[in-house]
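Let's take a walk through this model, one stop at a time. Have the sequence and the 3D view open as you read.

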Amino acid sequence: MATHRFDPNFTDNVVNSMGDNVNPRFRQLMSSLIRHVHDFARENELTVDEWMAGVKLINWAGQMSDAKRNEGQLLCDVIGLESLVDEITFKLADEATDAPTATAILGPFFRADTPFRQNGDNIVKTAPKASDPKGEMAFMHGRVVDFESKKPLVGAVVEVWQASTNGLYEQQDKDQEEFNLRGKFRTDDDGRYSFYCLRPTPYPVPDDGPAGKVLKLMDRHPFRPAHIHIIATYDGYKPLTTQIFDRKDPYLTNDSVFAVKDSLVVDFVERKGDPQAGLELNYDVRLVPAAAE
Ligand code: BEZ
Ligand code: FE
């Protein structure tokens, strides 16, 4: 029995309009989406103007997106959808295990073509401009290990990327060299990786488009707490996508895209006797074997 005053058969008619040749998972997702969207419209008695404002926002997001800007993903991020999908994926994959490194969202600034660098290299290829905060150099190092046995994973790949002190990733900033603040590293015979980087600094997600408009309408700020992105891969293990967050960051408890997890909060400590960096971070990545087929 319908609990509203509108056509009680309308939603079923739309859902049942799908033919026989529909992928079962697509049928499940599409039916559920239609039911939720219709319930949303009925519950709120959505007006034509409100619906059209939503359509315009989605169109604007599409028009603004290109190879360097993914406004659709950003819209999902500011309403927590990418972080929720990450949580669902991580829980489904690891319900029965104790403590592999937690996952976090990929975000829109990943680049698939990041080059390999040697362990110990500096990923700061373009120093922050004199007009931007100078930043602090840090030496990040650690091992990639099997989460249970702690056995080092030799030849694992650790990929990292971070924003510069002006809050921009290299593809957003014509003054940064291509692949600045990015690198892929292969672990050595002890399973170790290492590189010099910047201590990460907080930055606002791009807020001059529809995602920024949604944030303003929700009376929210656009800042992400300081973080470094990591993807770690090793044959026979589940690929890990995550981010680590600086414990000292003021936005740790109110990330604009809801990606912070307690176990991903790290402490940069003083590094002595290294002219290249006054800070260091020792961070081990714990991977889970891929489920046996
Ligand atoms: C990022 O961490 O790079 C990011 C994530 C979500 C939205 C914008 C940026
Ligand atoms: Fe980021």
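Which helix and which strands each supply at least two residues of the lining of the second largest pocket? They are helix H5 (81-94), strand E8 (240-246) and strand E12 (285-287). Before going on, some housekeeping: this is a predicted model, where local features need pLDDT of at least 70 and side-chain atom pairs count only at pLDDT 80 or more, while totals for chains, interfaces and linings use all residues. Residues are numbered from 1 along each chain as its sequence is written, chains are lettered from A and ligands numbered from 1 in the order in which they are written, and side-chain values use heavy atoms, with hydrogens and water left out. Helices (H or I, at least four residues) and strands (E, at least two) are DSSP runs numbered from the N terminus.

Back to that second largest pocket: H5 gives the most to its lining, with 7 residues. The lining has 20 residues, and Thr89, Phe90, Thr103, Pro239 and Thr241 lie nearest the centre.

Now turn to the largest pocket, which is lined by 16 residues, with Val37, Phe40, Gly54, Ile58 and Ile79 nearest its centre. (A pocket here is an open set of points on a 1 Å grid over the protein atoms alone, where a 1.4 Å probe fits, with protein on both sides within 12 Å along at least five of seven lines; lining residues have an atom within 4 Å of a point.) Helix H2 (24-44), helix H3 (48-64) and helix H4 (71-78) each supply at least two lining residues, and H3 gives the most, with 7.

Next stop, the sheet. It's an open one of 5 strands in the order E3-E2-E7-E8-E9, with mixed pairing; two strands pair if DSSP finds at least two bridges between them. Strand E3 (182-186) and strand E9 (265-266) stand at the edges with a single partner strand each, so one side of each has no neighbour in the sheet. Strand E2 (residues 157-161) pairs with E3 in the antiparallel sense over 5 bridges, and Glu159 has Lys184 in E3 as its bridge partner.

Finally, look at the iron ion (ligand 2). Its protein donors are Tyr169 (OH), Tyr203 (OH), His227 (NE2) and His229 (NE2), lying 1.9 to 2.2 Å from it; donors are N, O and S atoms within 2.8 Å of the metal (3.2 Å for Na, K and Ca). Tyr203 lies in strand E5 (residues 203-204) and His229 in strand E7 (residues 227-233), so the pair ties together parts that are 26 residues apart in sequence. Tyr203 is buried, with a relative accessible area of 4%, and His229 is buried too, at 3%; buried means under 20% relative accessible area (1.4 Å probe, protein chains only).

Key. Buried < 20%, exposed > 50% of the residue type's maximum accessible area, 1.4 Å probe, protein only.
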